[in-house]
Amino acid sequence: MLLSSFLTRRVDPRDKSVSRLFVSWLRHTPVHMRKHFSLNPLLISPHRVFGLRAFNGMHFWSRVCWLHWLGGGPWVGGLQHSFEKESNAKGYMHGQTAIVLCAWTQPPPPSTCQSRWTTYCDFVLARIKKKKKKKNAQATALSTTMALCKRRRLSDAFSSRPQKPNKRTFLSSSHPLAIKPLGNYYFESTNPAFKGSCRTSGLGFIAALSDELILDVIERFLEPRDLCRLAETSRVLYVFAHHDDLWRTWTVNEFRGNFTWSGTWRATYLKTNNPSYEIQENDTPVQVSDFYSDTLYQPFYCASASMEPFMGVENVERRSNLSMAEFVTDYAIPNKPVIITDIVTQWPAFGKWNDTYFLERYGDVRFRAEVVDIELRNYYRYAHNQRDESPLYLFDKKFVRDCPDIADDFEVPEYFREDYFSVLGNERPDYRWLIVGPARSGSTFHKDPNSTSAWNAVITGSKKWIMYPPDTVPPGVFTSEGSWRAAALTMSILDSTFIRLLLGLICFWVSKPNTKDESEVTSPVSLMEWHLNFYKKIHQIQPRPIEAICRAGEVMFVPNGWWHMVVNLEDSIAITQNYVGAHNLLNVLRFLRDKPNQVSGVSDTDGFYIKFREAFQKAYPGFLERIEKEETEKRLTTWERLKDGGSRFSFGFVSDDE
């Protein structure tokens, strides 16, 4: 965290105080940490050096500063004196070479950095010129390359690179209120000009409380009107009063879906509560640059992070022209995921459904988005203009009833038409949903309800899937069954002793007696927070997850019992349906019988197992008894077969009749 915060600072590389600060940090870095740094700047891999996902998204000037320190820093070759006293030309040249490599391989800097990049190039060329007094071939070559690099960076040579639409490729380091991560405080505090944090003076006696506790007190005991007044008392309380997650909770609880999005949750609440409230479009919020808080900075950080670093792995099979027999044999019975690529493209919905079409046809229809019912027109206005860490996700089960003609645009794929819950008619559990959401929206790790299997068809957009088999609880997720195994997996990933202790307490809490049935699931992180904290390490331990990107026109088969997380990589529209086939019928029956308190999607769960079993036996007489017998025979051991007379055993010495 400290190093990440340090790297996002925008500073002048000629600032000697910053150089001394970095040297000081290196001097106090344990040896076991230093060994992870490469001593050859020409072979530097920024990801390998400090393993931070923020490097690719870091402001370019910050990357330049980092490589400047890394390549020309005093610790190259084991030196331990200050940067400004470094006289080793070779080490300095290596540092500048690393910067040149960075300049050629990274995206072009923002327009605000053009002049600073030019200034820096001039500074480097001047330093190289001084060192060329001694004939140095490396300095001559570097001087030529740096001059060329300077001209190219200021030209439009990089403008021809195609930009991926609807995907943010860098992490902004500037919070709208200028809040900084707590790690920045420790580095900036060594600067003689550092004035300290305004937290204590701005909060008074309540500064003793943590930021999390202050937010909790505000949410529980204050009204929005009180918070608006409180924001006028100090800059620090102004920051807390503008924490958008607070206003999201109040807006959803008070207005449900009857709100019109106004850019932020705070503005939305105030405008909905008082229609005469005027929103100042060009109003610049107060900048509180001397306030440091991980709690208040993290939502912005997660909302700004790109999903691109997490899209490299795809190990789910893709199949087309798949016969029914192949699907059953290769995927349904083995309970194995697969992406089928040639079904959705044949639907009328494909190429027809999009935001514009939905707004024209169903703009006034109310759909379910998590805990609110909202008109689709208002939902799209929110989805297209929000900056939430976890955007509202439209997940509606009544779309066929409310939009009767929509059912003509798709059909159930032949592989999934065998659905035994249909014997219950209108009394069957909820099973079909329309899914609409912007980038970053999605669902955290879960298992599909009632031990059913599912299929998920993407009409527009794309979705990132991460899946774990039924007996492997994903890292960061804790259940009342298998919590300690999940804890071991999670704590093998995390390095912090404090976090390990915290997770151990969570495991103890969810592992209460008589609840070992996965009835309680704790997932303490959001989608982006999970990726930022866990994704890099899950590929270094066993078992590794199954990953895939399901694109427009493709269908994902989700086997019963599998843990899965789904993240929209862009604005997406999809349909999903849960079903009960012959391959998972017995699993569903056992679930309904053994876990009646977890049955979902029906109004009356009491006796649902008996109701479904009787309805199934009436529709398919003798079928259930036959598959139960086959299942029992598979589980019989050799000794049980002997006792039941299924086979006879003899040592071969004498006849069994003697």
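Reader: What is the mean pLDDT of the protein, and what share of its residues reach 70 or more?

Author: This is a predicted model, and a careful reading begins with the confidence that the predictor attaches to each residue. Here the mean pLDDT is 75, and 63% of the residues reach 70 or more. Over residues 1–113 the pLDDT is below 50, although this stretch has 217 contacts in the model beyond near neighbours in sequence.

Reader: In which elements is the confidence lowest and highest?

Author: The lowest mean, 32, belongs to helix α4, residues 46–50, whereas the highest, 98, belongs to strand β13, residues 555–558. A further stretch to read with care is residues 495–501, where the pLDDT stays under 50 and the model has 5 contacts beyond four places in sequence.

Reader: How many helices and strands are there in the protein, and what percentage of its residues are buried?

Author: The protein has 28 helices and 15 strands, and 48% of its 658 residues are buried. If we take the contacts between residues at least 6 apart in sequence, 76% of them join residues that are at least 24 apart.

Reader: How are two packed helices described?

Author: One gives the angle between their axes and the distance between those axes. For helix α15, residues 244–255, and helix α16, residues 265–273, the axes come within 7 Å and cross at roughly 35°, and the crossing is left-handed. Among the residues that meet there are W247, W250 and F255 in α15, and W265, Y269 and L270 in α16.

Reader: What is the order of the strands in the open sheet of 4 strands?

Author: The order is β7-β14-β9-β12, with antiparallel pairing. Because β7 (442–446) and β12 (546–551) stand at the edges with a single partner strand each, one side of each has no neighbour in the sheet. Neighbouring strands of this sheet are turned by 20° against each other on average, direction ignored. Between β7 and β14, residues 563–568, there are 3 bridges, and H446 has H564 in β14 as its bridge partner.

Reader: Which helix lies across β7, β9, β12 and β14?

Author: That helix is α24, which runs at about 120° to β14. The buried residues include W530, F534, Y535 and I538.

Reader: Finally, where is T341 found, and is T341 buried or partly exposed?

Author: T341 is found in the loop between β2 (338–340) and α19 (355–362). A residue counts as buried under 20% relative accessible area, and T341, at 26%, is partly exposed. Sequence distance and distance in space should be read separately: T341 and C550 are 209 residues apart in sequence and 9.2 Å apart in space, C-alpha to C-alpha. Leaving aside neighbours within four places in sequence, the contacts of T341 are R318, R319, S320, G553 and E554.

Methods
Residues numbered from 1 in each chain as written. Predicted model: local features only at pLDDT ≥ 70, side-chain atom pairs only at ≥ 80, totals over all residues. Heavy atoms only, no water. pLDDT = per-residue confidence, 0-100. Helix = DSSP H or I, 4+ residues; strand = E, 2+ residues; numbered from the N terminus. Contact = heavy atoms within 4.5 Å. Buried < 20%, exposed > 50% of the residue type's maximum accessible area, 1.4 Å probe, protein only. Axes fitted to C-alpha atoms, helices over the stretch in contact; angles between N-to-C directions. Left-handed = near helix turned anticlockwise from the far one by under 90°. Pairing = 2+ DSSP bridges.
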